[in-house]
Amino acid sequence: MSRLVVVSNRVILPSERIQRAGGLAVAIREALGRSGGLWFGWSGELSETPEPTCQTDTKGKMEFAVFDLTPAEFDGYYNQFANSTLWPLFHYRIGLVKFSRSALQTYLAVNARFAEMLIPHLKPDDTIWIHDYQLLTLAGELRKRGVTNKIGFFLHIPLPGVDTLAVLPGLGTLMRGLAAADLVGFQTERDLQSFKDYVRQEVGGTIGANGTINCFDRTIEAGAFPIGIDTRVFAGLAEKALSKPECQQIKEGLGSRKLLIAIDRLDYSKGIPSRFEACEELLRAHPEHRGQFELVQIASPSRTDVASYRDLRREIDRLSGRINGAFSEVHWAPIRYINRTYPRQSLAGFCRMAAVGVVTPLRDGMNMVAKEYVAAQDPNDPGVLILSRFAGAAAELGSALIVNPFDVDQCADAMHRALVMPLEERQARWRTAMDTITRNDVKAWWTSFTTRLMASQARAAA
Ligand code: F6P
């Protein structure tokens, strides 16, 4: 069997603690750790002068090769084009999109640099799997340099509808680079549909009867492959976490109050302000809950060099202060907002202790926290998941309380409903969700994508 080479912007090196990473990197580490292969990407560090070769390491069956970006590359590629242009656009936040031609050029150049740094590490029968929006044109850059290996690409974030996508200058260049892959994977059928609509309406391409896609002089394959978590491992982690000091402290602080948990990167796509407003509405509409619950919002700092992220932090500070100021008692505050990162095991423990998991992003590719919350529950006394219809996870977790996060009143109603839901209903909803995430776990995702990639028959158009 050929070796798998996984390429992502972030890599978790053997020496690193896992909590620095997002859901994508955790999923790759879990799956690649089992199957073995090379993990290639940015080191997470900056060097003034471009490094000529990669830093390498190994751990068990995994090899690592990473390189530093220069400060200028980091700014143009990561802060600007990836996270101030693509990220807001792909999350339907056109008003936040900032475009500059020079940032696009840097993004393309960094994708080319990824190709140049990767090629010396490639073997003829390697299968390459590229991840996410930071590396949309890497497949094209590899092909330009003569790489003929099988290449897969997976988009972890949403692909917006064609009218939104079309806003982006340089879109054709990005999509041509993407279509150099043999198989393109998305989180949901809706994202896949957006891709097909784009191909038909903007490129003049066609969709074959067997689902193949003809565009940019190539015939490629595309599919929806919803990402999963390591459900069994996370459930075990949650059970063991309860004895951890952080979990004990939360338990003591809560007393008989119920815990509502929300865990996110501090990102405007996650809907944190609307969630706080829903909590405020719950307190107003249902005064019987005052003093009876706490909403713990863990928001790990993210992309702090990007202005919209700094603005968001100020907004959340202000909002949590206002709501707590209005409703707190000397012995209780409704919202505990924590702006830091916790170890994975503590987060698993918080999820297990929580009567309600509040996962209400305005838009999200998948949202692994939704799945982690389900996995962490005690089967005898499970909590209730409130889930945004705009998270990819909603396509699989229909037994959650599904809400529109823009409807603050509806979210407040769902919080009330979750807080008073009888045990039998909680168990029935949880069992359905747990069965789904046990079946569709990270291993199933990994196997379905890689099997389809290895069997793919992409070719240049005749
Ligand atoms: O898929 C979402 C994503 O951008 C991943 O690529 C990344 O691992 C995660 O969010 C965290 O973001 P960042 O790497 O910018 O901290």
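How many bridges join β14 to strand β15? Let's find out in this predicted model, one close-up at a time.

**View 1. Strand β14 and its partner β15.** The count is 4 bridges between β14 and strand β15 (residues 384-388), and the two strands run parallel. To find your place along the pair, look for valine 356, which stands opposite valine 384 in β15.

**View 2. Strand β14 beside β11, and its two faces.** Strand β11 (residues 258-265) also pairs with β14, in the parallel sense, over 2 bridges. Here leucine 260 is the residue opposite valine 356 in β14. Now look at the two faces of β14 (residues 356-359): Val356 and Val358 lie on one side, Gly357 and Val359 on the other, and all of them are buried. In other words, both faces of this strand are covered.

**View 3. Helix α13 meets helix α8.** Two packed helices are described by the angle between their axes and the distance between the axes. For helix α8 (residues 231-241) and α13, the angle is about 60° and the axes are 8 Å apart. The two helices are therefore oblique to each other, and α8 passes α13 in a right-handed crossing. At the contact, Thr231, Phe234, Ala235 and Ala238 from α8 meet Glu372, Ala375 and Ala376 from α13.

**View 4. Helices α2 and α3 packed together.** Helix α2 (residues 71-90) packs on helix α3 (residues 101-118) at an angle of about 115°, with 8 Å between their axes. That angle is why α2 and α3 count as roughly perpendicular to each other. The crossing of α2 past α3 is left-handed.

**View 5. A β-α-β unit built from β12, α11 and β13.** Strand β12 (residues 293-300) is joined to strand β13 (residues 335-338) by 4 bridges, and these strands run parallel. A handy landmark is glutamine 297, which stands opposite tyrosine 337 in β13. Together with helix α11 (residues 307-327), the strands β12 and β13 make a right-handed β-α-β unit.

Key
Residues numbered from 1 in each chain as written. Predicted model: local features only at pLDDT ≥ 70, side-chain atom pairs only at ≥ 80, totals over all residues. Heavy atoms only, no water. Buried < 20%, exposed > 50% of the residue type's maximum accessible area, 1.4 Å probe, protein only. Pairing = 2+ DSSP bridges. Axes fitted to C-alpha atoms, helices over the stretch in contact; angles between N-to-C directions. Parallel < 35°, antiparallel > 145°, perpendicular 65-115°, else oblique. Left-handed = near helix turned anticlockwise from the far one by under 90°. Contact = heavy atoms within 4.5 Å. Right-handed = clockwise from strand over helix to strand, strands pointing away.
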